[in-house]
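Thanks for coming, everyone. I would like to walk through one structure today, beginning with the ligand and ending with the domains.

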Amino acid sequence: MAQPIPTDPGPRAEVVVDLAAVRHNVGLLSRSAAESGAATMVVVKADGYGHGAADVAGAALEAGATWLGVCTLDEALALRAAGIDAPVLSWLHLPGEDFAPAVAAGVDLSVSSLAHLDRVLDGARRAGLPARLHLKVDTGLSRNGSTEDDWPDLVDAAAEAAASGQCEVVAVWSHLAFADVAHHPVTDAQAARLDAAWRLACGRGLRPIRHLANSAATMARPDLHYDLVRPGIAVYGLDPFDRPVAESPLRPAMTLRARVVMVKRVRAGEGVSYGHEFTTTQDTTLALVPLGYGDGVPRRMNFGGRMRVWLAGRSLPVVGRVCMDQVVVDCGPDDEPEVREGDVAVLFGPGDGGGPTAQEWADELGTIHYEVVTGVQARRVTRTVVTGTAGDPA
Ligand SMILES: *Cc1c(COP(=O)(O)O)cnc(C)c1O
């Protein structure tokens, strides 16, 4: 008898984001910050590290965060467009940027130089509102931020603009170079430079707060919490000190998975995928999983043949090259328990059931888990937001 044709096969490739994990992580981070008297700014740049900025922001604000941090003005305005009215700080701007829409939307703006200040104040004039400034001092990363030499002039100009009602100097802030090494001497030197910059601003009659700590410093350096902490990666459950899932208090929020589209028996001696880097050594079962480098699975992930997926309750090897859209999984000669078309293969996830993790991918690729999760191609991979992992296969 003919089978009915299904109308909804479900997503091909899917990134599942567990907001219960986000809430758990933000709860931990914000409680620890609160013990030092600090508020928590959850960083949702790069679309929430690939997890979905607005969804993560909403969960984070429910779980104890009161601020959001983003890189670009577009990212800040997208949060406002999503109906989020919590304080948002944006910190990386283009030379020709128009700040009026951001000031009008109540977005806090980082400022690193006199020229940058002029453009922000111009935007504030056109918006008809004072700009909310976080003056950034470069304490030793040499990215943006004012040098120590330029700092007094920047503070003077900002203090003058504040006195005439054009802006409010909300904060003096900086970013760490070695936070993932808990007690690196450069970290202490950076904190001392931040303190000196802040004292100078206070000496000019300003009353800014201070902030410095990313995830690693939030977790390991309560003495550097100041008034506000800015965790990013830990919010997503990835451990800034690369501790294994079982040893980390954090819960990974992202699972990358796809459904098996074909299962077949092949004989010994068959070449698999482009260039036949793998040849079957025995009769075996192969499963085709429709995710590849076009989705954010780096091709080099299976150089050396060490990539594995979690499928049918087993950790199974990917064989042959990663293609643009697909990988081939060797289910073994016995294929027990049996893999079926439609089964869900987990490429990485929380890892608590034994499946692979973003941390393991990073180790394999010689990179950091930040790059793994932000590398998932949002235009191609369907994002599904869940609360809790009940029913997930890994
Ligand atoms: C990305 C970023 C953060 C968050 O860093 P994590 O290491 O992900 O916690 C904090 N502050 C600034 C300025 C950033 O760019």
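By a polar contact I mean a pair of N or O atoms within 3.5 Å; within protein, one must be able to donate a hydrogen and the other to accept it, and residues adjacent in sequence count only if both atoms are side-chain atoms. Please keep in mind that this is a predicted model, in which local features need pLDDT of at least 70 and side-chain atom pairs count only at pLDDT 80 or more, while totals for chains, interfaces and linings use all residues. Residues are numbered from 1 along each chain as its sequence is written, and side-chain values use heavy atoms, with hydrogens and water left out.

On that basis, a polar backbone atom of Ile233 sits 2.8 Å from an oxygen atom of the ligand, a polar side-chain atom of Arg230 is 3.0 Å from a ligand nitrogen atom, and the side chain of Asn214 places an N or O atom 3.2 Å from an oxygen atom of the ligand. Of the 380 Å² that the ligand exposes when taken alone, the protein buries 95%, with accessible areas from the Shrake-Rupley method and a 1.4 Å probe.

Turning to the domains, whose bounds come from an automatic or database domain assignment, the protein chain is divided into domain 1 (36–235) and domain 2 (254–386). Their C-alpha centres lie 40 Å apart, and 8 residues of domain 1 are in contact, meaning heavy atoms within 4.5 Å, with 7 residues of domain 2.
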